[in-house]
Amino acid sequence: MEGQDEQPLREASTEPIVTSGGSEVVPRVLPGEPQNLSDVDAFHLLLEMKLKRRQERPNLPRTVTELVAEDGSRVYVVGTAHFSDDSKKDVAKTIREVQPDVVVVELCQYRVSMLKMDEHTLLREAKEISLEKLQQAVRQNGVLSGLMQTLLLKVSAHITEQLGMAPGGEFREAFKEASKVPFCKFHLGDRPIPVTFKRAIAALSFWQKIKLAWGLCFLSDPISKDDVERCKQKDLLEQMMAEMIGEFPDLHRTIVSERDIYLTYMLRQAARRLELPRASDAEPRKCVPSVVVGVVGMGHVPGIEKNWTTDLNIQEIMT
């Protein structure tokens, strides 16, 4: 989990524009996408090609949960294990089958850099937790939040070392596949890391902070790839955290439950009806339901299902 604020990726026209907000949607520009009314026919032609590729009854992996919005828009939530080759395949298959209008991933702007790094670089970064990184995290997030972030990086590095596999492969796969789908937008759907860490630290007493830090410092149990696949029903990293924070319900609330709410909100924001371009102002507006793919840790799926039809106020979990 890098603590650096990265700018949205805009390097190639063949890639989706990355956005971290649910209300402001910026579409990726493709050759043939309408820039004025004279290009409407070209837009409809490309859209028709996309819809032909979209499967009416998609053959989806068992890790996918389908949710339907009030306006008929569909959201396919892919529950993943963050260190799993099978999860990468599930993400790719789902995006190819449903040809989404929006892809939402469990990342925030502070971790967007992992979308552009290759496996080798990410492995090196995860294993090299230096004093400089600790100082940087403390400067950006305060002493306690910075220490917590560094310790969680250590947990991630431990898994990385054990498996020889960098985290976030499913998000890079989602980014790559989204770039192949016409008119597909790419959203960052997770709550910013500094907010999560500061709220988590505030939820603990002094001795609880010491106890949690001790548990993270001495985490060294061996992990196999089979362990990861067995944990596809609950994300491995979050399961390890849950074992350590089981006696701290407030900490579980801030790290898992509140992010369930935030992810649900972002998925619902993405699942809005699409307004099609018009040949003239006299032509009536036409909107169609959208299709969204969400890529999140399996541990968040039950919470997203639970919150899907409830009224959500994310201001309460952003302070």
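Two strands are said to pair if DSSP finds at least two bridges between them. Strands (E, at least two residues) and helices (H or I, at least four) are DSSP runs, numbered from the N terminus. With that in hand, welcome to this predicted model, where local features need pLDDT of at least 70, side-chain atom pairs count only at pLDDT 80 or more, and totals for chains, interfaces and linings use all residues. Residues are numbered from 1 along each chain as its sequence is written, and side-chain values use heavy atoms, with hydrogens and water left out.

**Strand β8 and its partners**
- Strand β4 (residues 102–105) runs parallel to β8, and four bridges join them.
- In that pairing, V102 sits opposite V292 of β8.
- Strand β3 (residues 74–80) also pairs with β8 in the parallel sense, over seven bridges.
- Here V78 faces V295 of β8.
- Seven of the seven residues of β8 (residues 291–297) are buried, so the strand is largely enclosed by the rest of the structure. Buried means under 20% relative accessible area, exposed over 50%, and partly exposed in between (1.4 Å probe, protein chains only).

**Helix α7**
- Helix α7 (residues 193–202) is largely enclosed by the rest of the structure, because eight of its ten residues are buried.
- Those buried residues are I193, P194, V195, T196, F197, R199, A200 and I201.

**Helix α8**
- W207 is found in helix α8 (residues 206–217).
- W207 is exposed, at a relative accessible area of 66%.
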